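This report is written for a reader who has not seen the structure before. Please look over the sequence and the model, then read on.

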Amino acid sequence: MTSEEIAQLIGRIAMADRKAFADLYKETSPKLFSICLRILNDRVEAEEALQEVYAKIWQRAGAFVANQGTPSSWLAAIARNQAIDMMRARKPVADELNGEYDLPDPGLDPEKQAVLSDEGRRIDTCMEELEADRAQAVKKAYVEGLSYQELADQFGVPLNTMRTWLRRSLLKLRECMER
């Protein structure tokens with residue numbers, strides 16, 4: 001069916017011609033249904049949208065002006081807008097946004113953060129009780145990951161002395177932390 005023939009059908013529908021409406025439905029419903037289905041992705045909703053589309057065509061046929069565009073584009077615009085309106089009515093956007101706030105925080109909870117922070121302060125306090133060179137050796141060994149040999153060379157002491165320093169320092173730290 002040509003655009004001219006569809007325009008004539010729309011003109012007859014404006015005068016409440018039921019046969020013209022049935023003919024228009026027969027000719028255009030597959031295309032308009034596909035538009036609705038593509039937007040809504042649900043066959044039942046697309047059928048409901050199509051029903052509303054033809055109700056609007058029946059009501060607005062008098063508003064169609066043939067020289068302002070093709071009748072197919074006018075019909076497609078009605079179908080597209082109806083499908084979009086139905087899609088928006090499904091679920092408010094605010095509900096989707098509110099759901100995002102229910103996600104758990106991957107970080108530590110405040111209680112665990114406070115405990116870790118307190119333990120960190122206790123370790124710092126206990127480290128201050130060690131002699132300065134021993135505390136520095138413990139930090140370099142257990143924070144920076146230096147080996148016993150590297151530490152012994154850096155502090156200018158024999159390897160076994162460095163091992164003794166670290167062992168005794170750890171024992172003092174444990175004793176302090178248990179207080």
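## Basis of the model

The model is predicted: local features need pLDDT of at least 70, side-chain atom pairs count only at pLDDT 80 or more, and totals for chains, interfaces and linings use all residues. Residues are numbered from 1 along each chain as its sequence is written, and side-chain values use heavy atoms, with hydrogens and water left out.

## The disulfide

A disulfide is a covalent bond between the sulfur atoms of two cysteines. Here the term is applied to a pair of cysteine sulfur atoms within 2.5 Å. Searching the whole structure gives one disulfide. The bond runs between Cys126 and Cys176, with an S to S distance of 1.9 Å. Cys126 belongs to helix α6 (residues 110-129) and Cys176 to helix α9 (residues 159-178), so the link connects distant parts of the chain, 50 residues apart. Helices are DSSP runs (H or I, at least four residues), numbered from the N terminus. The angle about the S-S bond is -80°, and the link of Cys126 and Cys176 is left-handed.

Are these cysteines buried or exposed? Cys126 is buried at a relative accessible area of 4%, and Cys176 is buried at 9%. Buried stands for under 20% relative accessible area, exposed for over 50%, and partly exposed for what lies in between (1.4 Å probe, protein chains only). Cys36 is also buried, with 0% relative accessibility.

## Aromatic pairs

How many aromatic pairs does the structure hold? There are five. Phe21 and Trp58 form an edge-to-face pair, because their ring centres are 5.2 Å apart and their planes stand at 80°. Phe21 is in helix α2 and Trp58 in helix α3 (residues 43-60), so this pair ties together parts 37 residues apart in sequence. Rings of Phe, Tyr and Trp (its six-membered ring) pair if their centres lie within 6.5 Å; planes under 30 degrees apart count as stacked, over 60 as edge-to-face and the rest as tilted.

Phe21, Tyr25, Tyr54 and Trp58 are linked into a cluster by ring pairs. Trp58 is partly exposed, at a relative accessible area of 31%.

Thr28 is found in helix α2 (residues 18-40). Thr28 is buried at 8% relative accessibility. Setting aside residues up to four places away in sequence, Thr28 touches Ile6, Tyr54 and Leu75. Contact means heavy atoms within 4.5 Å.

Ile39 is also in helix α2, and counts as buried at 18% relative accessibility. Which residues does Ile39 contact, leaving aside its neighbours within four places in sequence? They are Arg80, Ala83, Ile84 and Met87. The C-alpha atoms of Ile39 and Ala83 are 6.3 Å apart, although 44 residues separate the two along the chain.

Helix α7 (residues 132-142) has Ala135, Ala137, Val138, Lys140 and Ala141 as its buried residues. Their cover includes α6, α8 and α9.

Tyr148 is placed in helix α8 (residues 148-155) and is partly exposed, at 38% relative accessibility.

Notes. Helix = DSSP H or I, 4+ residues; strand = E, 2+ residues; numbered from the N terminus.
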